[in-house]
Amino acid sequence: MKTNEKRHRGRISQTFIYLGKLFRMFLFQNDWKVLPMSAVIAGLVAFAVGSNIYKTMEGTLTGTFALTCVCIWNGFFNSIQVICRERAIVKREHRSGLHISSYISAHMIYQAILCILQVVIMIFVCMNLGVVMPEKSLVTPWPIVDVGITLFLVTYCADMLALLVSAFARTTTAAMTIMPFLLIVQLLFSGGFFNLPKEAMPFTNLTATKWGLTALCVQGDYNSLPMVTIWNSAVKMKNIEVEGEKPLLEVLQYIENNDMRDDILMETAKQNQKPEYNFDIDILTRCWTWLITWTILYLVVTIIALERIDKDKR
């Protein structure tokens with residue numbers, strides 16, 4: 001009886017045993033490298049597109065899309081190989097009494113901690129490279145915490161999707177082959193950055209990028225920001241001559257001499273506002289709810305898939 005109790009530990013006990021194993025792998029098998037990689041990617045994004053985030057409509061859309069992509073990238077790399085690389089071990093231990101729910105719970109806790117660290121690193125790097133964070137919050141008293149929650153939910157959702165892929169993939173090579181396809185789908189169907197046909201828009205609801213991008217735009221009060229694209233285009237065309245005159249240059253000079261530039265930018269922005277990006281707590285919580293829902297769904301399917309691992313002939 002005692003021997004049987006030792007072999008078949010409870011679910012909670014097994015969870016902490018595997019959690020300890022994951023942290024040892026983090027320290028001794030170089031899994032920690034995902035953290036400095038997160039810093040490097042965040043730094044590149046902040047350097048390339050971070051100067052206008054939450055300052056203009058265009059800068060906010062481009063910057064938040066890039067930040068969402070960083071989260072997706074981090075989440076995918078965290079867990080895309082973790083199950084398939086030890087599939088034989090999981091199968092053997094499952095036959096010896098391993099609870100799959102405990103195994104997945106250990107991964108959930110470990111990956112959640114990893115995602116939190118990555119988000120903290122992202123925000124720290126971005127702020128130190130001059131990226132402006134929103135000044136207003138909708139849920140917590142601190143805007144940076146609201147943004148951090150969104151970044152975490154996107155990263156964790158992508159992480160659990162990669163975990164699902166890892167549960168089905170035959171080998172680590174197969175998992176890494178599938179990852180670029182998933183990444184392209186996530187980026188292409190973000191719903192706000194690319195102009196998709198009307199028929200394709202329902203598919204955006206299936207991606208974490210759509211809900212992450214929307215949430216970040218909402219938190220930055222996208223619809224209150226100026227739009228500069230039309231103004232910048234006009235400036236580039238100011239020297240075009242019409243019958244020997246430069247009418248556009250005269251108009252631009254008149255606007256600037258009368259301090260009307262900001263008014264023009266805001267009026268342009270009003271014509272391009274998007275209701276889905278309104279500074280509204282209901283929209284933000286809906287985005288968070290979708291991200292949580294997809295995360296839970298990925299976890300449930302992963303557990304169901306691994307529960308049948310004994311019948312796997314691989």
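Predicted model: local features only at pLDDT ≥ 70, side-chain atom pairs only at ≥ 80, totals over all residues.

Residues are numbered from 1 along each chain as its sequence is written, and side-chain values use heavy atoms, with hydrogens and water left out.

**Overall fold**
- The protein has 13 helices and zero strands, where helices (H or I, at least four residues) and strands (E, at least two) are DSSP runs numbered from the N terminus.
- Along its principal axes, the C-alpha trace spans about 95 × 40 × 35 Å.

**Burial and contacts**
- Of the 314 residues, 48% count as buried, which is to say under 20% relative accessible area, with exposed meaning over 50% and partly exposed in between (1.4 Å probe, protein chains only).
- Among contacts (heavy atoms within 4.5 Å) between residues at least 6 apart in sequence, 79% join residues at least 24 apart.

**A nonpolar patch on the surface**
- Phe-23, Ile-109, Ile-113 and Leu-117 form a nonpolar patch with about 290 Å² of accessible area together; areas come from the Shrake-Rupley method with a 1.4 Å probe, and for residues only the protein chains shown count as cover.
- Such a patch is made of residues with over 30% relative accessible area and no salt bridge, with nonpolar side chains (Val, Leu, Ile, Met, Phe, Trp, Tyr) joined within 5 Å and like charges within 9 Å; a salt bridge is a side-chain nitrogen of Lys or Arg within 4 Å of a carboxyl oxygen of Asp or Glu.
- Helix 6 (residues 100–128) gives the most to this patch, with three residues, whereas Phe-23 is found in helix 2 (residues 11–28).
- Phe-23 counts as partly exposed because its relative accessibility is 31%.
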